[in-house]
Amino acid sequence: MSISLDEVRHIAALARLGISDERAQLAAEELTSILAHMQVLTRVDDERAAGSDTDGKTGMTLRPDLGPPIPLLRAPAFFAPEMREGFFLVPRLATHEDPEPSP
Amino acid sequence: MSVRETVESPRAADSVASGAFEMVVGLEVHVQLLTRTKAFCRCATDFGAPPNTNVCPVCLGLPGALPVLNEHVVDLALRAAIALDCEIHPVSIFARKNYFYPDLPKGYQISQYDRPLATAGRLTTDATGETAASTVRITRVHIEEDAGKSVHDRFAGVSAIDLNRAGVPLIEIVSEPDIRSAAAAGAYLRALKQLLEYLEVSDVNMEEGSLRVDANVSARPVGASTLGTKTELKNLNSFSAVERALDAEFARQCALLGAGQRVMQQTLLWDAGSAAVRPARSKEESHDYRYFPDPDLPPLLVDRARIKRVRNDLPELPAARKARYRETFGLGAYDADVLTAERSLGSYFEEVARAHRDSKTAANWVMGEVRAALNARRLEIDRFPVRPADVAELLDLVASGTLSGTAAKRVFALMAETGDRASQIAAREGLAQVRDDAALREWIEQVIAEHEPEATRCARGERKLLGVLVGFVMKKSKGRADPKRVNQLLAERLGV
Amino acid sequence: MTETGFGSHSPEGTVAEIRASVTAGRRSPRDIVDHSFARAAQVRAGADGLNAILWSDIAVAHNEAAALEPRLNGPDAPLLAGVPIVVKDNIATVGSPTTCGSRILAGYHSPFEATAVSRLRDAGAIAVGKTNLDEFAMGSSTEFSAFGRTKHPLDPRLVPGGSSGGSAAAVAAGITPAALGSETGGSVRQPAAFCGIVGVKPTYGRVSRYGLVAFASSLDQIGVFGAHVDDAAAVLQAIAGRDGLDATSSDAPVPDYGEYPPTLRGLVIGKPREYFPHQLDPRIADLCERALDRCRELGAAVREVSLPHTELAIPVYYIVAPAEASSNLARFDGVRYGLRVTDHGLRGMYEATRSSGFGPEVTRRILLGTYVLSAGYYDAYYAKAMRARTLIATDFDEVFRSGVDVLFTPTTPTTAFAAGSRTDPYQMYLSDIFTVTANLAGIPALSLPIGRIDGLPVGGQLLAPHFAEQRLLGVARLLEHSLGAEAHR
């Protein structure tokens, strides 16, 4: 199966990757070619492989509901791109912009 | 793009009888769990700390940090699931729900998805004035982590992100679409809140966001067995908002269906100000969360021993407590209902009743004065300065005749204001009851002098005026006179 | 070329020799640090030369050495006393940057340290540098680093392998006797094979991943390079064991990796036929046969076995790893740390930051991973791959249950290739064909030098059941001794 340019644009949007049309076209070809090699998986016998995802696996170890917190050797202000009054700042979300005045 | 667009809502609504349709509602309730530390790291869960101070490499989503699940989260989730009669799954899986949002540090939320902790439970609500008793089936109870907070109105042009809440543990309780009216939704939510409070699983405080409700609602012709297209209602900030939003949305859907139009499946935000719904997001935004099992977290195994331990440690639940109040304290059904509505109020009452012994009086005071004071001050009972022992002391003073009922109310008001004890206030304010005959006679003489005509008529046989005169004496004494004794002395004095 | 470097056959070159000379007071930790930096300068390990080391600071290393001095008294001195080590730059360290070879983390300093690095310090090791890698460990050649490619120490036109190419080149060039790398599909064993040194991928869960910047969490494991088996074993000893900060770390006891039997008598070595296809370079097959003969001489029995689902490994790997990567790399969004490029609004910032921060291979894998997880494709790709993964693991279980103790295979299908020669992504992915299976099954594996072709090293791979590192290292040690100088001829 081949991956269309629209599908590449869709997954690039999901992954928040801004890619040019040229790059998207190339990606469509590359992904199509890579996924062609994955066709061998269609031969996998699901019956034989099913049901083994968690059987016999050890479960996770839990931790007690106790501190202290894992220390930060540098405060967020040292690595944050933009901070004010202790908050990380980001551009205002489109859905929270002030409503446009009605015409 | 303006977000003020509205949803379709035909004007012809009035002409459509919504009686032809039935409301079908399912509720999704998110509950913040009462743990000391977050779900997957050791940061504190305190509410109200300065921004980004309860954070660490894990909840900031720093490169290389890994989640480790808090055991108490599992136990609290189990407590809720067991109390909701759910089937507990010995193996459950944490998945990643992938989406970008600035308050979601890792770019995914850790949440149980296709293998939740518990499924197939139920919650029974009692009959109330408006609704019959009913059972709502619970689809699932699962564990997940909370996101941080985005603050949009603090700084101009930018959003501010606080990650103190990121990683705080939640359970989501999803109901089947078994609810048929806004009132029934309210009853379900109140019963659920009451249960969770009893279980000490959560603060269940909607204002602080420790309990959040989303509603799925659809309409279908009465008698139909298939479900109509549903919409999801968000931004429901109180139980009454849930009820009003459901009624409004149901009316909108009925109007659409009645006009032969279709309901579009979408997420809607309730706007309490305009009492209407509006679309939550732009329509082109597609959602594909790409769930897959979180490889950082092996399966959660819950063995029988853990379930048994949690079950054995379950606190007394509302129905059992109600029965006990009727039996042990001799309360009527209504009083028992009111006092068990909130676990903390009931516990307060029990302490008063145990210290004061007259449980009926204790019940009346807690249901009356105490609740009124809490409402007036918008206080949680845990933070109320008047403790149960203080109320008991006050009631003892009334019982011994030291304080009149009227004086006791004034003393209580001052107790709530100052936090001082009843005996201190009574002494300081001179509110202790006056039973000294000489003092009482002096007030009586003054009243007779000031109300000569009434006194004369009373002495001539208009006995009903005696009460009026007693009232004048009480007023003159600023409520301190012992009314029984005044009554006796006044009757003697007027010879009636 | 290792005559004056660590790991050479000159005195005081190995981990054990350094520890002995430091604890006996013959050399100070500061001397060792100076020696390491001198060697790095001599081989031009920095950006103007091999480009193996992205960051090093002699003043910082001197401070670490000075802090170490008081703990070096006598026989109780820690296992790695005074041993200089380099660390792959996708492992969080404090006091030095952690860039993952990516523009999106250029200049980023982690506010916490990886558990493995803390344990190295506790064991007396001195971190002297951070090494180059394919961006976020995605690659097999160390060509895909935002900070330029690493060159092969024997021939600058060649790649050292990857993604831990910087660590491999540093050890091969004698800058340090051992190094930390990371494995997702062969990123330690493959460059170890290309560079002629020892590389160990421990059992999944043996070493804490806390502080290892995640590529594919269900496959990632910190691995170890050593000039010799003993060097790698000592470093693994120091970092292995349960860590409360990693829910996938195992509490299985850590045995003494310094212990090994005198012979291979009674041991059964499996030779899986799928790893010796007819198109395999016959010279590589011959070197493998020579190594197996040595094992026979040491008393082992060699048995041909089959791992029938091997052909699924690369497709499974290139679905599972990108899928997990697409999620793991979502955190690089310009909000809290790292690069931020502003554009229109929040959406614009996300897209501009991520598209200019990630290189082409990372972008390719995020797209691939997003695709295979997306609605409508999940079952056909991800769910299917996860089922196939269990078949690959079951193959190993069955072979080991049948009485085979370890497996022997070539580590790679070729020797080090020329930089720029693999332009088709899938051809590059095939470099991992013999190594990805151990990651998919979670079992431990090791590569050691077994000879050379046209002067270029060839690696032999040993695989063992879960948590059988001691056995793996024991077999490798005996084979290493038996091959002696032949391993490098």
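User: Hi! Where does Arg30(C) sit?
Analyst: In this predicted model, Arg30(C) is found in helix H2 of chain C, the helix that covers residues 29–42.

User: Is Arg30(C) buried, exposed or partly exposed?
Analyst: Arg30(C) counts as partly exposed, because its relative accessibility is 44%. Buried would need a value under 20%, and exposed one over 50%.

User: Which residues does Arg30(C) touch, leaving out those up to four places away in sequence?
Analyst: With those set aside, Arg30(C) touches His62(C) and Ala65(C).

User: And how far is Arg30(C) from His62(C), in sequence and in space?
Analyst: They are 32 residues apart along the sequence. In space, the C-alpha to C-alpha distance is 5.9 Å.

User: Let's stay in chain C. How many residues of helix H5(C) are buried?
Analyst: Eight of the eight residues in H5(C), which runs over residues 165–172, are buried, so the helix is largely enclosed by the rest of the structure. Among them are Gly165(C), Ser167(C), Ala170(C) and Val171(C).

User: What do those buried residues pack against?
Analyst: The partners, which belong to chain C too, are strand E2 (84–88), strand E3 (126–131), strand E4 (178–183), helix H6 (189–195) and strand E6 (221–226).

User: What comes just after H5(C)?
Analyst: Just past that helix, Gly174(C) has a positive phi of about 80°.

User: New topic: chain B. Which domains does its domain assignment give?
Analyst: The assignment gives domain 1 (11–304), domain 2 (318–429) and domain 3 (437–494). Between domain 2 of chain B and domain 3 of chain B, the C-alpha centres are 33 Å apart.

User: Tell me about helix H10(B). How many residues does it have, and how far does it reach?
Analyst: H10(B) spans residues 405–418, which is 14 residues. From first C-alpha to last it reaches 20 Å, close to the 20 Å expected at 1.5 Å a residue.

User: Which of its residues are buried?
Analyst: In H10(B), the buried residues are Ala407(B), Ala408(B), Val411(B), Phe412(B), Met415(B) and Ala416(B).

User: At what angle do H9(B) and H10(B) pack?
Analyst: The angle is about 160°, and their axes are 11 Å apart. Angles over 145 degrees count as roughly antiparallel, and H9(B) and H10(B) are therefore roughly antiparallel to each other. The crossing of H9(B) past H10(B) is right-handed.

User: Which residues make that contact?
Analyst: From H9(B), they are Asp390(B), Val391(B), Leu394(B) and Val398(B). From H10(B), they are Ala408(B), Val411(B), Phe412(B) and Met415(B).

User: And what follows H10(B)?
Analyst: Just after H10(B), Gly419(B) takes a positive phi of about 80°.

User: How about H2(B): how many of its residues are buried?
Analyst: In H2(B), 16 of the 18 residues are buried, so this helix is largely enclosed by the rest of the structure. H2(B) covers residues 182–199, and its end C-alpha atoms are 26 Å apart, which agrees with the 26 Å that 18 residues should span at 1.5 Å a residue. Just after H2(B), Glu200(B) has a positive phi of about 55°.

User: Last one. What secondary structure does chain A have?
Analyst: Chain A has four helices and two strands. Starting at the N terminus, the order of its elements is α-α-α-α-β-β. Chain A has 103 residues, of which 36% count as buried.

Conventions:
Residues are numbered from 1 along each chain as its sequence is written. Chains are lettered from A and ligands numbered from 1 in the order in which they are written. This is a predicted model: local features need pLDDT of at least 70, side-chain atom pairs count only at pLDDT 80 or more; totals for chains, interfaces and linings use all residues. Side-chain values use heavy atoms; hydrogens and water are left out. The expected span of a helix is 1.5 Å times one less than its number of residues. Buried means under 20% relative accessible area, exposed over 50%, partly exposed in between (1.4 Å probe, protein chains only). Domain bounds come from an automatic or database domain assignment. Axes are lines fitted to C-alpha atoms, for helices over the stretch in contact, and angles run from 0 to 180 degrees between N-to-C directions. Angles under 35 degrees count as roughly parallel, over 145 as roughly antiparallel, 65 to 115 as roughly perpendicular and the rest as oblique. A crossing is left-handed if the near helix is turned anticlockwise from the far one by less than a right angle, and right-handed if clockwise. Contact means heavy atoms within 4.5 Å.
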